[in-house]
Amino acid sequence: MKALTWHGRRDVRVDTVPDPVITEPTDVIVRVTSTGLCGSDLHLYEVLGPFLDEGDILGHEPMGVVEEVGSAVTALSVGDRVVVPFNVSCGTCAMCGQGLQSQCETTQVRSQGSGAALFGYTKLYGQVPGGQAEYLRVPFGNTLPIKVPDGPPDDRFVYLSDVLPTSWQAVEYAAVPPGGSLVVLGLGPIGDMCARIARHRGVETVIGVDLVPERLERAAARGVDTLNLRALGSGIADEIRSRTGGRGPDAVIDAVGMEAHGSPVAELAQKATGLLPDRMAAGFMKTAGVDRLHALRLAIDVVRRGGTISVVGVYGGMADPLPMLTLFDKQIQLRMGQANVLRWVPDILPLLTDDDPLGVDDFATHHLPLSEAPAAYEMFQKKRDGAVKVLLRP
Ligand code: NAD
Ligand code: ZN
Ligand code: ZN
């Protein structure tokens, strides 16, 4: 089959690789029909080289049609339409039992201390081949895949793999009180969807911050107040405070994460704000020139006293120094983590209707064949051609 494989920094290719086969009786093989490109893929593309092996198959946002089932699979049949959650969870351990699928005790790589295994996230998370491919082996066929109805387009359901539950959890963790305010830092696919979900769930004031004009316009078109970090520079914090009664927002979602590190946009953010790079802890993140913690520090600065910061963006490695005294003195609640995908599906599924309150049907800016995946990565990273969400159609 054809699959998108990693070969080096900013070097991904579509290669011919062996078809996946059933190895456990509960496995299913899915023929992938749509598969997303995610900000998390950019970490692999840009900075996580030391953790990849040449030929690793990337991708963790797939959906498709069940092509083959193992002998112990009773919940699915050949021909069923399924979405595959990005975390690989068993459905039966103590963590899965309490809706913490991202901490699945069966699939986590204990020696590394990381959470559940992830599709397409290399040896960092269990070395499970990813879903930017024509076919995907999915374990735990009776509990993991999400069965969805035939009929509506793939775009209606594909974001159940990651974007929707991730953003839902981020908003849940932000715990904005009734009548309260929320700032969303970063308006990539995740931040954009966080803002949509918050608006849908009745948060009155949602302020979105980014540097990319198309992303700001897209959020503004859905009722989000937007602030351009590049235009405001170091005045951003005062502007946020002035729009939130001087006190700051009740909650901030950081949907930037490591994106603040190493990309052209990050360098612009760095120049725009004039902040000096943090003294970074030792480790692989030690790359000069960019304050990768800028978004998180801004969150800590602006959130109101007693407010909540929901960190959905992924920060790898050490974060040193974090202003612990400010966190303590302001009595800030800090919540974070990989999404527990299956936990939120029952809340989200009823919203995936023809009314489309979250705008999923038009959420993708690009649909491309798998063969164009390398160009798609470059376009998504550089934020060219208005790319926000790219779906590949193997
Ligand atoms: P993305 O890279 O498209 O979005 C990041 C956005 O942040 C971009 O629009 C960029 O312009 C903006 N940005 C950069 N620096 C900024 C700054 N200093 N202030 C404000 N905005 C800034 O990626 P995405 O797909 O939206 O993902 C966002 C983050 O969420 C990534 O770190 C990704 O790994 C993470 N993520 C987490 C989970 C989870 O389970 N917690 C799941 C999926 C993605
Ligand atoms: Zn993702
Ligand atoms: Zn489990």
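This is a predicted model: local features need pLDDT of at least 70, side-chain atom pairs count only at pLDDT 80 or more; totals for chains, interfaces and linings use all residues.
Author: Local features need pLDDT of at least 70 and side-chain atom pairs count only at pLDDT 80 or more, while totals for chains, interfaces and linings use all residues. Residues are numbered from 1 along each chain as its sequence is written, with chains lettered from A and ligands numbered from 1 in the order in which they are written.

Reader: How many helices and strands are there in the protein, and what counts as one?

Author: The protein has 13 helices and 17 strands. Helices are DSSP runs of H or I with at least four residues, strands are runs of E with at least two, and both are numbered from the N terminus.

Reader: Why are helix 4 and helix 5 called oblique?

Author: The axes of helix 4 (residues 163-174) and helix 5 (residues 189-200) cross at roughly 60° and come within 8 Å. Axes are lines fitted to C-alpha atoms, for helices over the stretch in contact, and angles run from 0 to 180 degrees between N-to-C directions. Under 35 degrees counts as roughly parallel, over 145 as roughly antiparallel, 65 to 115 as roughly perpendicular and the rest as oblique. Helix 4 and helix 5 are therefore oblique.

Reader: Which residues of helix 5 meet helix 4, and what makes a contact?

Author: Two residues are in contact if their C-beta atoms, placed from the backbone, lie within 7 Å. On the side of helix 5 these are Pro 189, Ile 190, Met 193, Cys 194, Ile 197 and Ala 198; helix 4 contributes residues including Leu 164, Trp 168 and Val 171. The residues of this contact divide into 11 nonpolar, 2 polar and no charged. Here Ala, Val, Leu, Ile, Met, Phe, Trp, Tyr, Cys and Pro count as nonpolar, Asp, Glu, Lys and Arg as charged, and the others, Gly among them, as polar.

Reader: What makes helix 4 and helix 12 roughly perpendicular?

Author: Helix 4 and helix 12 (residues 341-348) pack at an angle of about 90°, with their axes 9 Å apart. That angle falls in the perpendicular range, so the two helices are called roughly perpendicular. Among the residues in this contact are Pro 165 and Gln 169 of helix 4 and Trp 344 and Asp 347 of helix 12. By class, the contact has 7 nonpolar, 1 polar and 1 charged residues.

Reader: Why do strand 12 and strand 15 count as edges?

Author: The open sheet of 6 strands has the order 12-11-10-13-14-15, with parallel pairing. Strand 12 (225-228) and strand 15 (333-336) each have a single partner strand, so one side of each is left without a neighbour in the sheet.

Reader: How do you know that strand 10 pairs with strand 13 and with strand 11?

Author: Two strands pair if DSSP finds at least two bridges between them. Strand 10 (residues 181-185) has 4 bridges to strand 13 (residues 251-254) and 5 to strand 11 (residues 205-210), and both pairings are parallel. Val 183 stands opposite Val 252 in strand 13, and Val 184 has Gly 208 in strand 11 as its bridge partner.

Reader: What makes strand 10 covered on both faces?

Author: A residue is buried if 20 or more other C-beta atoms lie within 10 Å of its own, exposed if 12 or fewer, and partly exposed in between, with C-beta atoms placed from the backbone. In a regular strand the side chains alternate between the two faces of the sheet. Ser 181, Val 183 and Leu 185 on one side are buried, as are Leu 182 and Val 184 on the other. In the protein, buried residues make up 52% of the 394 residues.
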